[in-house]
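Student: I would like to go through this model with some questions. Please show the sequence and the structure before we start.

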Amino acid sequence: MAFERAVVTGGAGFLGSHVCEALLKRGTRVVCVDDFSTGSLDNLPDDDPRLGVAVMDVARPLDLLGDVDLVLHLACPASPADYLRDPIGTLKTGGFGTLHALELARRKGARIVVASTSEVYGDPLEHPQRETYWGNVNPIGPRSTYDEAKRFGEALTSAFLREHGTDAGIVRIFNTYGSRMRPHDGRMVPTFFRQALAGEPLTVHGDGSQTRSLCHVDDLVRGLLSMADADHAGPVNLGNPEEVTVLEVAHRIIAITGSDSEVRHVEPMADDPRRRRPDITLARELLGWQPEIPLDEGLRRSFDRHLVG
Ligand code: NAD
């Protein structure tokens with residue numbers, strides 16, 4: 001579908017900036033709404049007249065002039081290091097921010113895609129996770145500020161759909177990696193790259209047998225835009241079903257960087273899920289989407305661009 005003008009909240013962040021770029025390539029005019037708490041202007045092209053940037057906190061009402069036919073709501077700190085630093089702010093962004101993005105879409109009559117997360121499944125008792133699984137979340141643990149805000153965001157999106165008929169869709173994004181992740185943002189892939197490139201030990205929490213499913217950002221953005229083009233409400237899982245242990249990721253990054261670093265095991269993280277793997281049957285059926293970039297190739301692409309290109 002050809003959208004004329006899209007609003008991307010969190011558009012200066014890791015995922016958001018790739019989304020802005022992909023939309024601009026499709027010929028869509030883009031307004032990036034961001035408070036630059038974890039995002040950066042450096043992530044955005046500085047010479048595209050079809051890109052506008054609005055410095056705004058989505059926890060405050062969003063007032064934008066002109067027509068908008070698509071809202072992609074991504075604004076929210078996503079790295080545990082970021083959201084653990086600002087627990088109440090994260091709840092406000094996840095709660096009020098999603099409310100304001102939904103209100104904007106409703107006022108403009110736009111399609112909205114809300115970025116939820118695999119964290120809504122918590123430490124899952126069902127494996128792999130299908131969209132029908134309600135999750136196993138600790139509502140008062142340190143990570144609950146993020147997980148519960150996202151669950152609230154899903155409830156709010158569903159309420160807008162039921163009460164106002166808003167054209168809204170929810171995607172549950174699983175671990176995604178690629179260029180423009182900040183080396184110090186605390187997430188596994190950029191942390192391992194930073195440590196490997198500095199010749200420092202790669203810190204693995206616990207014994208490293210916990211699994212993750214890592215999706216390359218180019219695949220993820222394709223999935224997000226397919227959801228924008230569709231008229232489904234979701235929720236739809238977007239992620240790579242190839243499951244890999246954290247220890248395996250550390251060793252692959254050591255090999256790709258040619259580093260002499262070793263692995264150092266450190267304390268397990270509180271409420272760190274043991275296993276994570278999306279069931280993407282629904283995304284395949286509804287969107288015709290599945291990831292195409294194998295982990296080794298994706299890690300190499302990230303390395304080639306030093307995670308910031
Ligand atoms: P990121 O931290 O790189 O980007 C978040 C962006 O939102 C940043 O540009 C930040 O400045 C902006 N932002 C934060 N709070 C804001 C506020 N109150 N008002 C305006 N802007 C604000 O994170 P990311 O990895 O790009 O994640 C983007 C979205 O995708 C988030 O909603 C996150 O929950 C979701 N998600 C990401 C992953 C992943 O693996 N990257 C996994 C699951 C879900």
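Student: Which residues line the largest cavity?

Tutor: The model is predicted, so local features need pLDDT of at least 70 and side-chain atom pairs count only at pLDDT 80 or more, while totals for chains, interfaces and linings use all residues. Residues are numbered from 1 along each chain as its sequence is written, and side-chain values use heavy atoms, with hydrogens and water left out. On a 1 Å grid over the protein atoms alone, a cavity is a set of points where a 1.4 Å probe fits but cannot get out, and lining residues have an atom within 4 Å of a point. The lining of the largest cavity is H73, A75, T93, G94, T98, V114, A115, S116, A149, K150, G153 and E154.

Student: What volume does the largest cavity have?

Tutor: Grid points are joined across faces, edges and corners, and a volume is the space filled by probe spheres set on the points. The whole structure holds one cavity of 30 Å³ or more. The volume of the largest cavity is about 80 Å³.

Student: Which element gives the largest share of the lining of the largest cavity?

Tutor: Helices (H or I, at least four residues) and strands (E, at least two) are DSSP runs, numbered from the N terminus. At least two lining residues come from each of α3 (87–108), β5 and α4. The largest share, four residues, belongs to α4.

Student: How many residues of the lining of the largest cavity are charged?

Tutor: Ala, Val, Leu, Ile, Met, Phe, Trp, Tyr, Cys and Pro count as nonpolar, Asp, Glu, Lys and Arg as charged, and the others, Gly among them, as polar. In this lining, four residues are nonpolar and six are polar. The charged residues number two.

Student: Which residues lie nearest the centre of the second largest pocket?

Tutor: A pocket is an open set of grid points with protein on both sides within 12 Å along at least five of seven lines. The second largest pocket has a volume of about 200 Å³, and α6 (217–229) supplies five lining residues, the largest share. Of the 10 residues in the lining, those nearest the centre are H18, A22, K25, D218 and V221.

Student: Where is P128?

Tutor: Most residues other than glycine have a negative phi, and most peptide bonds are trans. H127 and P128 are joined by a cis peptide bond, with omega about -10 degrees. P128 is in the loop between β5 and α4.

Student: Where is F36 found?

Tutor: F36 is a residue other than glycine with a positive phi, near 60 degrees. Its place is the loop between β2 (29–34) and β3 (51–55).
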